[in-house]
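Trainee: Can you walk me through this one? I'd like to go piece by piece.

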Amino acid sequence: MKSLAKEVLRLIEGKQVGVLYHYTTLLSLLKIVASNTLGRGEKYDTVSVTRNKNFHKKNSIVPTEGVFVLDGNKLSNKYKIEPFAYTSKTAGFGYEKGKYWAIQDQQEEIINTPVIQPLKQYVKEIVLFELDIDSLIFDEDFLQEASLILGIQWDNIGMKDIISFIQKKGFSIRLVKDTL
């Protein structure tokens, strides 16, 4: 009985993070779905997410072909999530008249973890922004890797195959034009 009361208290007092978004390229999205794992970047010790559902509209640095919509409340029960803001001389990172300021992208970092696995339990849905799949035909690296992940010939890859693959892996998916 005591452990039940502790669990109820933990659920009631749990950190309320809300919805988080992890933007990525289509190829990375397929790799993440295939492995059911979201890992930190090669250069970083954290997994970057944002609370801003319109991040893709104002960002030109991070690839935004697709986004994982994550349950931040569930994630925060197992992983440490902290706010993070950039200040940098890099173009687009807030520099004017000799002063720097933080980008207002509402970024969060999931820290002290190499991977989030199994990812599926934290994903509310995957959103793919409408892509011109034909434009990817000219990207040989994409075609080679995607054909291995999807298990089909590179010259047969279409958006239906990508959607089917994601659904077969148990993820909910939605196609949108430009807004979540």
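**Helices, strands and packing**

Mentor: The protein has 6 helices and 11 strands. Helices (H or I, at least four residues) and strands (E, at least two) are DSSP runs, numbered from the N terminus. This is a predicted model, where local features need pLDDT of at least 70, side-chain atom pairs count only at pLDDT 80 or more, and totals for chains, interfaces and linings use all residues. Residues are numbered from 1 along each chain as its sequence is written, and side-chain values use heavy atoms, with hydrogens and water left out.

Trainee: What share of the residues is buried?

Mentor: Of the 180 residues, 39% are buried. Buried means under 20% relative accessible area, exposed over 50%, and partly exposed in between (1.4 Å probe, protein chains only).

Trainee: Take α6. Which of its residues are buried?

Mentor: Helix α6 covers residues 159-168, and its buried residues are Met159, Ile162, Ile163, Phe165 and Ile166.

Trainee: Why do they line one face of the helix?

Mentor: Look down the axis of α6: the buried residues fall within an arc of 160°, so they line one face. The arc is that of the directions from the helix axis to the C-beta atoms.

Trainee: And on the other side of α6, what is exposed?

Mentor: Lys160 and Lys168 are exposed there.

Trainee: What covers the buried residues of α6?

Mentor: The cover includes α2 (26-35), β10 (123-129), α5 (140-150) and β11 (173-176).

Trainee: What follows α6?

Mentor: Gly170 does, and its phi is positive, near 90°.

Trainee: New topic. At what angle do α2 and α5 pack?

Mentor: About 20°, with the axes of α2 and α5 10 Å apart. Axes are lines fitted to C-alpha atoms, for helices over the stretch in contact, and angles run from 0 to 180 degrees between N-to-C directions. That makes α2 roughly parallel to α5. Angles under 35 degrees count as roughly parallel.

Trainee: Which residues make the contact?

Mentor: From α2, Leu26, Leu27, Leu30, Lys31 and Ala34. From α5, Phe142, Glu145, Ala146, Ile149 and Leu150. Contact means heavy atoms within 4.5 Å.

Trainee: Last one. Where is Leu175 found?

Mentor: Leu175 sits in strand β11. Its relative accessibility is 39%, so Leu175 counts as partly exposed.

Trainee: What does Leu175 touch?

Mentor: Leu128, Met159 and Ile163, not counting residues up to four places away in sequence. Met159 and Ile163 are among the buried residues of α6.

Terms used. Parallel < 35°, antiparallel > 145°, perpendicular 65-115°, else oblique.
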